[in-house]
Each structure stands twice: as C-alpha cells, then as structure tokens.
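Here's a quick look around a ligand site and one side chain elsewhere in the fold. Have the structure open as you read.

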Amino acid sequence: MALLEMKNIHKSFDGMEVLKGISISVDKGEILSIIGRSGSGKSTLLRCATNLEKVDNGEILYDGRKLSKDTSCFGLVFQSFNLFPHMSVLQNIMDAPVRVQKRKKDEVKKEAMELLEKMGLADRADAYPCQLSGGQSQRVAIARALALNPEILFFDEPTSALDPELTGEVLKVIKSLADLHIAMVIVTHEMAFAHDISDHVIFMENGVIAASGTPEEIFSSDNERMKSFLGRYGM
Ligand SMILES: Nc1ncnc2c1ncn2[C@@H]1O[C@H](COP(=O)(O)OP(=O)(O)OP(=O)(O)O)[C@@H](O)[C@H]1O
Ligand SMILES: [Mg+2]
C-alpha cells in the first residue's frame, strides 16, 4: 500500500480552479520531485497534502487512512524557514514533541541534540533564529520537522531563499535524509538536484500533471513544453 495517495484532487480559489484533478502516489522511502512554472499549483498541492488547505474534491490517504486533523506522519519545510523567533534553536526543535506529542523533555532534548549534530549545528543549540544564516535556519527547520519522526517530509522550495553556496549546504542535508528512508516530496527549481535525488518526477502545468516519470524520462523528454521549461534551467 502507498504511504501517501492523493486521488483526483480539485481545488479552487475564488472560482479559479488551481488543481484540476491531480493524482499522485508516494511509497515508503520514495522521493518525488515536483517541478513546474510559477502558479502551476505546486504549493497548493503540498498545502492540501498537509491539511493546510481543504480540498474541494478528491481523496487523500496516508497508509490507507483518510487525512484528518490527527494525521501526524508528515512534516513540512517551507521556503521561508518559519522558525519561532523568540525561541532558541533547541527550543524550536523541542517545542512540538514536548507540547503537542507530550513526550518527555530529557528524551526529546537528547534526540534534538543528535539531530543538530547531524545537521552540523550542535554548537548553535542556544542561538536564536536572528543569529543564524539562511542555510543554518533552513537546517534547523529540517531538524524541527525530523524531530516529529515523520514517515514523509514535504519541502516547498527549500533553497529558493538561499544564495548558491548555502543552497548546496541544504541540498546536501536533504540528500543525507534519503539514506534514512524517509519518503520526501520536494517542490524545487533545482533541476540537477531533482534529477539526482528523485525516484520519480512530475511536471505540473496549469493545475494538471503534464508529465510524470523517472528523472531519466522527464529530463530527456521529447515533449516540447517540457523541453521549453527545462531549457530555462539550461537542462
Ligand atoms: N490562498 C489563496 N487564495 C487565492 N489564490 C491562491 C491562494 N493560494 C494560491 N492561489 C493561487 O493559486 C495558483 C497556484 O498557486 P501556487 O502557490 O500553488 O503555485 P506554485 O506552483 O507553488 O507557484 P510558485 O512556483 O510561484 O511557488 C496561483 O494562481 C495563486 O495565485
Ligand atoms: Mg509555490
């Protein structure tokens, strides 16, 4: 059974249909990248998958169960890091496991420190978000999502607010997560990265999936619109 199944998802804003019957399926440990032009509906699809938007029509299943407010097997990392500014790095990571999941502080702290270690940020545990670089902030945001032990992580353009050097540092961390066999759905404009990391790629256009396949199939596609899109990235 697929870990995530989205079936025939429709979503409109103010009478404008943004998702026009999208279906995707993600298996345990699978990495799916979503590419496509601005406004094609990529973020909306992630927001629907993670319960930040309600779909108008269609079905979302995690492990065969309907998405509900109690579904807790996913994490989400945004383009802008959305850290709590008044909390230290460590507090940012510990907050949800302690407050929402009601887990023991000692145990959560130990795990949080291990995560920071993995992200190369052990020495920044007591820093505040305003004292971090963009790349460090994004790595904290990833650690915060991982602290909830998700089976699937969604990334919405995780590097688009970063300069090229910091982008590399964050992409490296995301690649390292692939070894943990956490499923990932990644909206990205980093085409070489999507090519390298993905098991599957979908190309969205005007609220539909215009192409779908392995990275090899997508990045060597004969489809003219696909080629014109990839051409902008020098692919
Ligand atoms: N809350 C909202 N209210 C009204 N319209 C919205 C809302 N969210 C998204 N839209 C519209 O839906 C369309 C798709 O937006 P979405 O953010 O999903 O695109 P995207 O593919 O993520 O684009 P980008 O690459 O620029 O992030 C756009 O036309 C956008 O203006
Ligand atoms: Mg977007």
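## What the shell is made of

By class, the residues around ligand 1 split into seven polar, three charged and three nonpolar ones. Keep in mind that this is a predicted model.

In total, 13 residues surround the ligand, and the closest of them are Ser38, Gly39, Lys42, Ser43 and Thr44. Where does the shell come from in terms of secondary structure? H1 has the largest share, with three residues.

How much of ligand 1 does the protein bury? On its own the ligand exposes 640 Å², and the protein buries 61% of that.

## Arg139 in helix H4

Now over to Arg139, which you'll find in helix H4 (residues 134-146). Is this arginine buried or exposed? Arg139 counts as buried, because its relative accessibility is 10% and the cut-off for buried is under 20%.

What does Arg139 touch, leaving out residues up to four places away in sequence? The list has Met119, Gly120 and Leu121, plus Glu169, Val170 and Val173.

Note on methods:
Residues are numbered from 1 along each chain as its sequence is written. Chains are lettered from A and ligands numbered from 1 in the order in which they are written. This is a predicted model: local features need pLDDT of at least 70, side-chain atom pairs count only at pLDDT 80 or more; totals for chains, interfaces and linings use all residues. Side-chain values use heavy atoms; hydrogens and water are left out. Helices (H or I, at least four residues) and strands (E, at least two) are DSSP runs, numbered from the N terminus. Buried means under 20% relative accessible area, exposed over 50%, partly exposed in between (1.4 Å probe, protein chains only). Contact means heavy atoms within 4.5 Å. A residue is near a molecule or strand if one of its heavy atoms lies within 4 Å of it. Accessible areas come from the Shrake-Rupley method with a 1.4 Å probe; for residues, only the protein chains shown count as cover. Ala, Val, Leu, Ile, Met, Phe, Trp, Tyr, Cys and Pro count as nonpolar, Asp, Glu, Lys and Arg as charged, and the others, Gly among them, as polar.
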